[in-house]
Amino acid sequence: QICNQHNAEAPNLEQAFHRMAQTEPNLDHNVSWFLLPSYWAKMVVALISFLCFANSYDGDFVFDDSEAIINNKDLRAETPLGDLWHHDFWGSKLSSNTSHKSYRPLTVLTFRINYLFAGGFYPVGFHVINIILHCTISVLMVDVFSILLGGLQFSNKGRRLNLAPKTSLLAALLFAVHPVHTECVAGIVGRADLLCALFFLLSFLGYCKAFRENKEGHNFSIFWVLVSVILGAIAMLCKEQGITILGLNAVFDALVINKLNILELIRKLLHKDKSLENAGLLRKGLLFRITLLMSGGASILYIRWRIMGTGPPAFTEVDNPASFADSLLVRAINYNYYYSLNAWLLLCPWWLCFDWSMGCIPLIKSLSDWRIIALAALWFCLIGLICQALCSEDVHKRRILTLGLGFLIIPFLPASNLFFRVGFVIAERVIYLPSIGYCILFTYGFSLLSKQAKKKKILAVAVLGILLINVMRCALRSSQWRSEEQLFRSALSVCPLNAKVHYNVGKNLADKGNQSAAIKYYREAVRLNPKYVHAMNNLGNILKERNELQEAEELLSLAVQIQPDFAAAWMNLGIVQNSLRRFEEAEQSYWTAIKHRKKYPDCYYNLGRLYADLNRHIDALNAWRNATVLKPEHSLAWNNMIILLDNTGNLAQAEAVGREALELIPNDHSLMFSLANVLGKSQKYKESEALFLKAIKANPNAASYHGNLAVLYHRWGNLDLAKKHYEVSLKLDPTAPGTKENYNLLRRKLEQLQKKGG
């Protein structure tokens with residue numbers, strides 16, 4: 001009994017802890033494992049966790065890093081800090097219909113700090129912070145597991161005792177080297193899970209501190225309970241799962257601090273037993289603490305709900321097919337199958353994939369599907385563990401199994417589809433926290449086997465072998481996360497039916513200029529998912545560039561038919577129709593794209609090109625001006641305005657536009673070149689020469705730059721320099737139009753001058 005503040009007959013808290021230490025069995029007695037001082041144990045865990053993921057430190061930005069970091073304007077200094085509190089993880093407004101409602105402002109803030117300190121998008125700093133975070137979390141796990149496995153007890157001086165040094169070290173090592181954590185550590189967006197886990201553990205440890213007897217002799221500290229709630233709120237602001245620590249703290253309080261027997265309590269509640277007060281539930285201390293936790297949790301959730309709005313996130317069927325199934329039975333079966341796959345990833349983390357959606361796991365639609373066996377196995381194990389956790393006569397066993405199941409299941413609930421639809425089938429990153437429960441159960445099972453085994457050292461060697469295998473698997477998986485090419489290709493053998501895997505391999509190849517190979521993977525993505533509009537759009541783009549316009553048009557038309565608001569596909573369809581000289585249809589496609597995406601500078605640019613081809617010069621200039629208003633650094637739109645005004649004889653206006661453009665993009669050599677041409681025609685030779693030379697310095701291998709500078713010198717009468725730059729231009733591009741003729745004219749003129757001089 002620990003509530004002497006409210007019950008004069010209850011013994012002192014420290015005496016209760018002392019008695020607990022004497023009467024409860026110790027897991028370490030049965031285990032043949034390394035016994036290290038706490039400091040050395042933490043050093044070993046830190047070192048091994050570092051070795052597992054150290055080779056990811058110089059990896060690239062991969063997969064979701066592009067959207068969450070590179071394309072996220074919230075990382076840039078010009079974005080007000082206040083915007084972070086109104087935007088989601090990807091930089092979109094929470095009020096937007098397209099927002100995923102993933103509200104993680106503190107994680108984004110750390111990305112922003114990384115960006116500012118690095119002076120740009122350099123991935124090394126981002127990766128190093130992730131590795132340090134995982135090492136820190138793994139070290140904290142030594143303390144957490146010592147409490148979960150050995151109980152919460154303090155010395156006479158108020159220092160917490162570690163009564164399970166061997167098993168807590170083993171559990172912490174299992175956590176540190178688990179390969180399923182690679183996505184969180186090697187993938188930069190996994191920072192959300194790491195920060196969430198850090199404050200999750202700090203909240204738990206803070207809650208444990210509440211029960212260290214203070215100077216006034218009170219049995220718990222309200223201050224530390226409130227600190228725990230605040231740390232839980234911080235964890236949730238890093239990632240949504242963080243809120244679950246408040247529930248786990250309540251479970252820990254009931255089981256470890258108040259030693260409630262859940263089965264006995266349920267029995268008394270059902271029979272309305274008058275002795276319920278003696279069961280421990282109605283003790284003022286427990287009820288007060290749980291009330292604090294529940295009130296804090298409800299307040300946090302309400303504030304978050306008000307910030308993010310009432311609308312649910314928008315996901316598509318390909319993100320989570322089971323959640324769109326019409327039959328409740330089909331949904332339930334597939335959700336449970338997903339749970340069994342998550343459990344398997346914890347048990348055997350060999351087949352890992354960056355994305356498990358888009359056909360990677362086909363739906364179970366019939367009870368005759370052999371995969372039903374996985375569901376049966378999962379629930380057989382869970383029911384067995386739950387029965388032991390509730391019915392065992394061994395108090396120690398009940399406590400450890402209940403805590404293990406609690407840490408396994410409760411942090412997973414936000415990803416379970418039970419309360420709301422999630423945007424994935426399986427995500428390895430969401431198992432980071434539930435793996436704590438797995439490590440507890442594994443370690444407890446190991447202690448039970450050790451108790452029965454005659455040759456305990458052989459069992460210890462087997463567990464050591466598992467750890468070594470996991471270390472090697474972590475190192476291998478980390479190397480795969482170093483680049484998109486390795487990451488995407490590693491998924492082909494794990495999820496060959498996943499259209500997104502083939503799409504990403506194709507996109508990676510296309511970005512590297514290997515269009516032929518990219519076409520193969522894009523076609524396979526469309527075959528696996530005939531409604532995959534992004535694959536159709538990218539494939540259509542490549543075919544357009546290869547002048548295979550008919551098939552490109554068919555693909556893009558199908559894409560906009562499937563998803564009528566797909567603005568990029570409408571724009572690309574317009575480009576193809578323009579190339580096929582179907583100008584009215586192209587114009588209509590461009591305007592449809594702008595209708596669905598009002599701020600679309602590239603579409604305005606292409607619309608301007610269409611109007612220029614139709615000699616609708618005013619419309620072309622207006623379209624390009626719109627592009628530059630929406631995107632001031634749109635160099636192509638600025639260039640086309642200058643060139644069109646130049647070609648139509650509006651030299652003064654062309655000069656004004658050129659100067660405006662160079663003020664906004666001062667280092668763009670193509671703008672320097674275009675403005676230099678205009679100035680040359682306006683006989684502003686000196687200024688024109690300076691711009692030509694500056695453009696050539698920035699891009700010395702552009703034949704046209706040398707050729708047009710030569711023309712300027714030719715007009716200006718500086719014939720020797722004109723001859724020099726004509727020759728450089730012809731050397732760079734012997735087929736340059738007009739340059740050879742101008743060079744021949746100059747040579748004849750120079751010959752005539754020599755004859756006259758002779």
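This is a predicted model: local features need pLDDT of at least 70, side-chain atom pairs count only at pLDDT 80 or more; totals for chains, interfaces and linings use all residues.
Which residues have the most contacts inside the largest nonpolar core?

## The nonpolar cores

The largest nonpolar core is made up of 223 residues. Within this core, F145, L148, F204, F252 and I436 are the residues with the most contacts. In general, nonpolar side chains tend to be buried together in soluble globular proteins.

Setting aside neighbours within four places in sequence, F204 touches V144, I147, L148, I245, N249, F252 and F407. Another core, of 13 residues, lies apart from the largest one, and A68, V108, F126 and A192 are among its members.

## Where two helices pack

Now turn to helix α2, which spans residues 38-53, and helix α5, which spans residues 123-150. These two helices pack at an angle of about 145°, and their axes are 9 Å apart. The crossing of α2 past α5 is right-handed.

You can trace the contact residue by residue. On the α2 side are K42, V45, A46, S49, F50 and F53. They meet I131, H134, C135, S138, V139, V142 and D143 of α5. Sorted by class, this contact holds eight nonpolar residues, three polar ones and two charged ones.

## Salt bridges

Side chains of opposite charge can pair when their charged atoms come close. Across the whole structure, a search finds 27 salt bridges.

One of them joins the side chains of E485 and K512, at 2.6 Å from N to O. E485 belongs to helix α18 (residues 484-494), while K512 sits in the loop between α19 (499-511) and α20 (515-528), so this pair ties together parts that are 27 residues apart in sequence. E485 is partly exposed, with a relative accessible area of 33%, whereas K512 is exposed, at 54%.

A salt bridge also links K723 and E727, whose closest N and O atoms are 2.7 Å apart. Both residues lie in helix α32 (residues 719-732), four residues apart, or about one turn of the helix. K723 counts as partly exposed at 29% relative accessibility, and E727 is partly exposed at 32%. Elsewhere, salt bridges with shared partners join E655, R659, K684 and E687 into one network.

For another example, look at D619 and R616, whose side chains meet at 3.1 Å, N to O. D619 is partly exposed, at 30% relative accessibility, and R616 is partly exposed, at 30% as well.

Most residues other than glycine have a negative phi. Which way does the phi of N547 go, positive or negative? N547 is not a glycine, but its phi is positive, at about 65°. You will find N547 in the loop between α21 (533-545) and α22 (549-562). Is N547 buried or exposed? N547 is exposed, with a relative accessible area of 60%.

Q683 also has a positive phi of about 65° without being a glycine. Its place is the loop between α29 (669-681) and α30 (685-698). Q683 is exposed, with a relative accessible area of 59%.

Conventions. Residues are numbered from 1 along each chain as its sequence is written. Side-chain values use heavy atoms; hydrogens and water are left out. Axes are lines fitted to C-alpha atoms, for helices over the stretch in contact, and angles run from 0 to 180 degrees between N-to-C directions. A crossing is left-handed if the near helix is turned anticlockwise from the far one by less than a right angle, and right-handed if clockwise. Contact means heavy atoms within 4.5 Å. Ala, Val, Leu, Ile, Met, Phe, Trp, Tyr, Cys and Pro count as nonpolar, Asp, Glu, Lys and Arg as charged, and the others, Gly among them, as polar. Buried means under 20% relative accessible area, exposed over 50%, partly exposed in between (1.4 Å probe, protein chains only). A nonpolar core is a set of buried Ala, Val, Leu, Ile, Met, Phe, Trp, Tyr and Cys residues joined through side-chain atoms within 4.5 Å. A salt bridge is a side-chain nitrogen of Lys or Arg within 4 Å of a carboxyl oxygen of Asp or Glu.
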